[in-house]
Amino acid sequence: MEEVNVGIVGLGNVGGGALAILAENADQIALKLGYRLRVVAVCSRTAHSKKIPAALEPVFRTTDWRELVARPDVHIVAELVGGTGVAGEIVEAAIEHRKSVVTANKELMAACGPELWDRAIRSGINLAMEASVCGGIPIHAVLREGISGDRVVALYGILNGTCNYILTEIEKRGVPLVEVLAEAQRLGYAEADPSADLDGPDARSKLVLLAALAFGEKITPSDVFMEGIRRITPLDFQYARALNHTIRLICGARQTADGLILFVRPALIPSSTILAGVQGPYNAVWVKGQFGEDTFYYGWGAGALPTGVAVVSDLMRVAREIRSGSPARVSPFAHERLGEYQPVSITLQRRAYYLRFRVEDRPGIIAKLAGILASKNISLEAVLQEPCNTKHDLPFVITVEPTSEQSIRDAVEEMSRLDFLLETPLALPMETGL
Ligand SMILES: NC(=O)c1ccc[n+]([C@@H]2O[C@H](COP(=O)([O-])OP(=O)(O)OC[C@H]3O[C@@H](n4cnc5c(N)ncnc54)[C@H](OP(=O)(O)O)[C@@H]3O)[C@@H](O)[C@H]2O)c1
């Protein structure tokens with residue numbers, strides 16, 4: 001049978017990984033498909049000096065993505081550039097040329113997925129995006145097909161490998177975040193500007209996509225409460241351990257009686273939960289269904305080859321659809337609010353909380369803090385203090401019984417005005433139900 005031709009724009013980490021797999025695994029791929037997937041054109045700003053696997057040659061090279069997209073022999077365009085600028089133009093141009101698209105771009109799909117899907121459907125082409133979330137974990141396929149018969153009630157994920165690496169290193173070695181971050185940057189696990197990872201936007205884009213797929217709701221980044229990991233210290237892990245918990249950057253989408261609660265934030269999770277075992281730069285997703293109950297997915301969240309596998313598998317799926325005559329497309333995104341799963345403010349959630357203080361020691365501190373908690377109807381659960389000689393900078397922790405996020409915020413705001421506090425108290429939810 002005639003081969004299906006691919007044009008790849010972006011020859012960086014993911015583009016390079018996809019090309020290596022397409023070259024080294026070409027025979028297996030052809031056996032599985034019944035025909036060859038052939039890379040006929042590649043594009044990057046420095047395409048002419050890029051090393052392309054010899055097995056794929058001859059390949060047309062260009063620095064102009066428009067030239068690649070317009071070529072009649074390109075059936076599928078892989079957008080592996082990233083960002084929302086040029087990448088958006090490439091995807092739109094491919095759709096206009098009625099070419100199916102494979103993308104690894106979470107940022108673009110989280111920002112404009114529903115609109116791009118609308119256009120793709122009108123053009124009768126496919127838009128595949130498995131590589132955009134959790135690199136090597138085929139989580140889109142799971143939500144789109146594997147468990148689509150279930151009714152998802154909650155989804156929890158560790159979706160940022162950089163943050164997970166940093167948190168687990170702080171946990172293991174008791175060294176501060178800045179030190180681990182510098183090491184992660186040397187090892188290539190963290191970017192020179194780490195804010196998209198550390199402050200949460202990267203994980204938020206991924207959660208937007210997963211929650212849209214899981215709940216069929218139109219979700220945008222602004223629906224997600226986001227807080228990064230910069231304030232987490234080795235001491236927090238010490239206290240978490242004393243409470244039989246650990247700390248991870250948790251991405252959650254949970255159905256409640258009020259609506260859908262969406263968050264990316266550091267949280268205490270029980271040491272015994274399966275998510276606590278996710279160490280280093282790995283990713284994981286835990287889905288709770290009404291009928292099938294719990295399923296768990298684990299693997300590399302990034303990296304040239306794991307992400308390359310997701311890209312190549314998407315190319316194969318799209319190639320099959322092209323060869324078998326495309327069925328009518330159904331967008332994995334809803335196009336409007338469905339109501340039942342309408343995102344609501346996190347201030348409505350009820351959780352137990354961990355409050356960590358740094359104070360200038362003096363008599364009456366606990367009584368003062370307990371008074372503020374009582375005034376917000378918050379019940380104190382425990383007070384913990386690890387041995388410490390620094391009276392001028394004394395850390396301790398208060399845990400409280402389940403209360404609303406709004407009450408905790410009000411209490412923290414009032415506490416922040418107290419003159420013995422060296423910084424605003426750190427408030428982390430305790431996801432005890434995981
Ligand atoms: N890295 C990962 O592990 C990973 C995992 C999951 C998803 N992703 C996603 O995959 C995408 C690519 O990431 P990456 O890490 O591979 O990025 P990268 O290493 O920075 O590669 C980006 C590529 O895009 C090319 N490019 C940039 N602007 C271009 C333009 N105007 N025209 C043509 N080519 C252009 C660059 O060209 P030059 O090389 O010639 O400069 C480079 O080859 C992103 O959406 C990212 O979020 C990455």
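## Burial and model basis

A residue is called buried when its relative accessible area is under 20%, exposed when over 50%, and partly exposed in between (1.4 Å probe, protein chains only). The model is predicted, so local features need pLDDT of at least 70 and side-chain atom pairs count only at pLDDT 80 or more, while totals for chains, interfaces and linings use all residues. Residues are numbered from 1 along each chain as its sequence is written, and side-chain values use heavy atoms, with hydrogens and water left out.

## Ser100

Ser100 is buried, at a relative accessible area of 5%. Ser100 is placed in strand 5 (residues 100-103); strands (E, at least two residues) and helices (H or I, at least four) are DSSP runs numbered from the N terminus. The Ser100 side chain is 2.9 Å from the backbone nitrogen of Asn126. This is a polar contact, that is, a pair of N or O atoms within 3.5 Å; within protein, one must be able to donate a hydrogen and the other to accept it, and residues adjacent in sequence count only if both atoms are side-chain atoms.

## Ligand site

There are 21 residues around the ligand, and Val14, Ser44, Thr46, Lys50 and Gly303 come nearest; a residue is near if one of its heavy atoms lies within 4 Å. The shell residues divide into 9 nonpolar, 9 polar and 3 charged. Here Ala, Val, Leu, Ile, Met, Phe, Trp, Tyr, Cys and Pro count as nonpolar, Asp, Glu, Lys and Arg as charged, and the others, including Gly, as polar.

Ligand oxygen atoms lie 2.7 Å from a polar side-chain atom of Ser44, 2.8 Å from a polar side-chain atom of Lys50 and 2.8 Å from a polar backbone atom of Gly303. Of the 900 Å² of accessible area that the ligand has on its own, the protein covers 77% (Shrake-Rupley method, 1.4 Å probe).

## Cavity

A cavity is a set of points, on a 1 Å grid over the protein atoms alone, where a 1.4 Å probe fits but cannot get out; lining residues have an atom within 4 Å of a point. Grid points are joined across faces, edges and corners, and the volume is the space filled by probe spheres set on the points. The count is 1 cavity of 30 Å³ or more, and the largest cavity has a volume of about 30 Å³.

The lining of the largest cavity includes Met109, Glu217, Lys218 and Ala212, and divides into 7 nonpolar, no polar and 2 charged residues. Helix 5 (106-123) and helix 10 (201-215) each supply at least two lining residues; helix 5 has the largest share, with 3. Ala212, in helix 10, is buried at 1% relative accessible area.

Definitions and conventions. On a 1 Å grid over the protein atoms alone, a cavity is a set of points where a 1.4 Å probe fits but cannot get out, and a pocket is an open set with protein on both sides within 12 Å along at least five of seven lines; lining residues have an atom within 4 Å of a point.
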